[in-house]
Amino acid sequence: MPINITTDELTWQETALCAQAGPEFFFPAPGSSTREAKQLCNACEGRLACLEYALAHDERFGVWGGLSEKERERMRRSRSDRR
Ligand code: SF4
């Protein structure tokens with residue numbers, strides 16, 4: 001299904017540090033460590049925009065914006081509880 005994305009929403013990708021790493025780094029096999037990916041995210045200037053993008057587009061897999069899928073799910077639930 002095509003996703004309607006504006007140019008502004010993707011500006012953070014221009015400075016994405018993960019573009020220099022392999023996809024296996026950010027989409028580790030189940031049970032593998034996400035520590036190194038998170039460290040890279042913490043040095044990435046687009047981290048918050050990346051995280052908001054992942055939350056808005058319900059990205060279910062991999063590390064986005066420094067959070068694993070479980071951590072994003074917890075954040076999503078916490079936000080919806082506050083509404
Ligand atoms: S925050 Fe992490 S996943 Fe997002 S663009 Fe930066 S390095 Fe990539």
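Burial is counted from C-beta atoms placed from the backbone: a residue is buried if 20 or more other C-beta atoms lie within 10 Å of its own, exposed if 12 or fewer, and partly exposed in between. The model is a predicted one, in which local features need pLDDT of at least 70 and side-chain atom pairs count only at pLDDT 80 or more, while totals for chains, interfaces and linings use all residues. Residues are numbered from 1 along each chain as its sequence is written.

**The whole chain**

Begin with the entire chain in a cartoon view. The chain has four helices and zero strands, where helices (H or I, at least four residues) and strands (E, at least two) are DSSP runs, numbered from the N terminus. Of its 83 residues, 16% are buried. Two residues are in contact if their C-beta atoms, placed from the backbone, lie within 7 Å. Among contacts with a separation of 6 or more, 44% join residues 24 or more positions apart.

**The ligand and its shell**

The ligand is surrounded by 14 residues, of which the closest are Ala 16, Cys 18, Cys 41, Cys 44 and Cys 50. Helices H2 and H3 each contribute at least two residues to this shell. Colouring by class shows ten nonpolar, three polar and one charged residues. Here Ala, Val, Leu, Ile, Met, Phe, Trp, Tyr, Cys and Pro count as nonpolar, Asp, Glu, Lys and Arg as charged, and the others, Gly among them, as polar.

**The annotated cysteines**

Now select Cys 18, Cys 41, Cys 44 and Cys 50, which an unreviewed UniProt entry gives as "binding site". These positions spread over 33 residues of sequence, yet they cluster in space, with a largest C-alpha distance of 11.0 Å. UniProt positions follow the numbering used here, feature names are shortened, and annotations may be inferred rather than shown by experiment.

Centre on Cys 18, in the segment before helix H1 (23-26). Cys 18 is partly exposed because it has 19 C-beta neighbours inside 10 Å. Leaving aside residues up to four places away in sequence, Cys 18 touches Phe 26 and Leu 40.

Move to Cys 41, which lies in helix H2. Cys 41 has 22 other C-beta atoms within 10 Å and is therefore buried. With residues up to four places away in sequence again left out, Cys 41 touches Arg 47, Val 63, Gly 65 and Gly 66.

**Helix H3**

Select residues 47-56, helix H3, whose buried residues are Arg 47, Cys 50, Leu 51 and Ala 54. Viewed down the axis of H3, these buried residues fall within an arc of 100°, so they line one face of the helix; the arc is that of the directions from the helix axis to the C-beta atoms. They pack against helix H2 (35-42) and helix H4 (69-82). Just after H3, Asp 58 adopts a positive phi of about 55°.

**The loop between H3 and H4**

Finish at Phe 61, in the loop between H3 and H4. Phe 61 counts as exposed because it has 11 C-beta neighbours inside 10 Å. Beyond residues up to four places away in sequence, Phe 61 touches Phe 27 and Glu 69. A C-alpha distance of 9.3 Å separates Phe 61 from Pro 28, 33 residues apart along the chain.

Terms used:
Near = placed C-beta within 6 Å.
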